[in-house]
Each structure stands twice: as structure tokens, then as C-alpha cells.
Amino acid sequence: MSTLALRFVGTIGDLSAADRAALRDRGTSSDQAVRDATAAILAQVRLGGDAALHALAAQFDGATLTQLEVPRDQWTCALASLEPALRAALVRAAVNIRTVHEAFRPAEVIVEPEPGIRVGRRPDPLGRVGVYAPGGRAVYPSSVLMGAIPAKVAGVGDVVLCTPPDASGQPTPVVLAAAALAGVDRVFAVGGAGAIAAMAYGTNSVPRVDRIVGPGNAWVAEAKLQVSGVVAIDSPAGPSELLVIVDSSADLDLVAREMLAQAEHDPAAAVLAIALDDIGPALAARLRAAVAQEPRAAIILEALANRGGILAAASIAEAIAFANEWAAEHLLVATRTPGAILPAVRNAGAVFVGTSSSVAFGD
């Protein structure tokens, strides 16, 4: 196994201008080859429809598809055959996701700024939403739950799921099981940029949707950007990001596991820790020990070498300033008084307060 190497080390103050620029450069469209290849796939599907999707499945998934849509009885079978502990975990996650989004559901508001003038805002659900669930380097049934359940809570009429097939021509059973649990209406064995094109433009088999949500690799992210003038998307998300602010009060083994859980997503994942109390070397040692046990160690090591780091901060104020500048997708505050830090946090996708609020569980 390769030796653990981190790209960014030392102190925050010692970061060079080049390092700071590299840390800021987390966009999804910096690779011209990805942009060009994605544009070609979008055009292929727009012009060729179902035939193009069959060709792309053979090219990228090694699958010869007899049909694009996955029959509902296959989802039911997948759910019935799911290992009991995994099924219980998915059911629990589904219930919690539904509970949270029901509480967050927007309500109609009417305001009268002056007598005789009434202005209202009514949150009507979309007619059809497309959910993309990855199935390449790893499989994430949680993506199905997180994409489909909020849509169902909102009252969306039709939820369509696209997910890649394996060489047999079928999506991974656990993804099909999650689709059944989430209340998805239709499932298609279509992956990558081709799936985004199919949902954006519509084909004879795959219906056009009103919004596309869900994570994916660089080609999926680029495809969503390129079709965003045609159909709404959730966000131009890039590879997974995690920033941890950690001091000597934290369980460093737990922090190391949280970092690895994000690094395993993709070689381009960005995973940083801002270390207080001179604990950087100890955390690096825990990372080194933990990665040796990981089945996706090769991807983790590449991600940490590309965009990983442990940087020392002289104070909590310096750590917070860096966090607000870097604006991570996930921010884990693993300090003695994490709640006290929360009011100062301004820029983060999701903030996890204390190590008991696991980023992996939050995902």
C-alpha cells in the first residue's frame, strides 16, 4: 500500500498564494476534456434518444440492455431480499428524512404592504423530478432517499430515478430497494451524462423532467451544468468536501474515520483538518492507521494526496476565519465547546456540531 501523503501541511499562515489558489479551485468545469466529452454525450442523446442510451450503456457500463426501464417487480424483489440490518438502516433513514422535510415544507404567505395591495407566494410542487443516483466507483442508496423523499413530501407528481446498470444490465439491488422505500415512480437503468441528457431532453422511454437532483462524478456534474439552461438543477456540485476544526478534546480516531468517509467518495474529494493544540501529528498518525483498514484505500490515498491536508491554527478565531473563507460543503466542529463556535460560522453547506453529529450519518 502507498504511503499516506497530504498535499497541504504546516500552518494556515504558511500557506503560499499558490496553495490558497489550489484550495479555492474546486470547480467542476476546469477540465476541457470533460467539458467536450460531456457535450458530445448530451448531443448524442438529444439526437439519438433511446438508441444512444443503449449505445452508451454498452460503451461505459459493459451492459447490453433489453430495455431501459426497470420493472417494478424487480424493485420489490430487491427490497424483499435485502439484508435485514441494511433494510432497517434504510427504513430508519427514510423515516427521518421524511420527518425533517415535512417540518421544513414551505407554506403559502400573503402580505398586505398597504391597504388594497395583497402579494402572495404559493409553493406549488413540480410535476416531475428526476433523481440521479451514482453507481460507478461506489453505490449510494442514500442518494435515492435524499433525492426522492423530499420530492414526495413536497407533493411532486412523478419521481423518476436514473442509475447506472452493471454488466448484467440491471442497477445494483440496494439502489432498487431504496427506490421502493422512497416511493419512486419509475426507474431507468441509465447512468452518467447520458442519464442527465435523457431527463433534460426526454426520449421515447425516459420522460423529460422539471428538475434534476442528485450527485455524480465529474461528467454528471458537468452535464447538469450544461443542461441547466433547459431544465432546473439542484446545484453545480463538485466532489465531496469536508473541513474539520479539531482540538485535543476530540476523539481523533473518530475524526480520522470521518475524514476517510469523505475521501473515499472520489480521488478529487477535498478533505482538510484545522488542528488546534498542536494535535496535527497525532491526527496524521490516526489517519495513517485507519486508512490501512479501508477497502477503498487506493481512492482515499489519491484524494488525500490531491486535496487533503492538516493545517495548524494558532487560535480558534484563525480556524473559523479559514473555514468561512474556504466555505466547505461539510464542516465538522470537533472542539470542547462546538456550540459556542456555531454563531461565528458563515459559509458552509452543512455544519455538524460536535463529533456525535457524524457527517457520514448526516449524509
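Student: Which residues have the most contacts inside the largest nonpolar core?

Tutor: Those with the most contacts inside the largest nonpolar core, which has 32 residues, are Val244, Val246, Val255, Met259, Leu283, Leu304 and Ile310. A nonpolar core is a set of buried Ala, Val, Leu, Ile, Met, Phe, Trp, Tyr and Cys residues joined through side-chain atoms within 4.5 Å. Buried means under 20% relative accessible area, exposed over 50%, and partly exposed in between, with a 1.4 Å probe and protein chains only. This is a predicted model, in which local features need pLDDT of at least 70 and side-chain atom pairs count only at pLDDT 80 or more, while totals for chains, interfaces and linings use all residues. Residues are numbered from 1 along each chain as its sequence is written, and side-chain values use heavy atoms, with hydrogens and water left out.

Student: What is Leu304 in contact with?

Tutor: Leaving aside neighbours within four places in sequence, Leu304 is in contact with Leu4, Ala5, Leu6, Arg7, Leu260, Ala263 and Val271, where contact means heavy atoms within 4.5 Å.

Student: Switching to E9, why is it largely enclosed by the rest of the structure?

Tutor: Six of the six residues of E9 are buried, so the strand is largely enclosed by the rest of the structure. Glu241, Leu243 and Ile245 point one way from E9, while Leu242, Val244 and Val246 point the other way.

Student: How many bridges join E9 to E10?

Tutor: Six bridges join these parallel strands, and Val244 stands opposite Ala273 in E10; two strands pair if DSSP finds at least two bridges between them. E9 also pairs with E12 in the parallel sense, over five bridges, and Leu331 in E12 is the bridge partner of Leu243.

Student: New topic: is Asn324 buried or exposed?

Tutor: Asn324, which is found in helix H13 (residues 316–326), is buried, with a relative accessible area of 18%.

Student: What does Asn324 touch?

Tutor: Not counting residues up to four places away in sequence, Asn324 touches Ala344, Val345, Arg346 and Asn347. A polar atom of the Asn324 side chain lies 3.1 Å from the backbone oxygen of Ala344.

How values were computed: Helices (H or I, at least four residues) and strands (E, at least two) are DSSP runs, numbered from the N terminus. A polar contact is a pair of N or O atoms within 3.5 Å; within protein, one must be able to donate a hydrogen and the other to accept it, and residues adjacent in sequence count only if both atoms are side-chain atoms.
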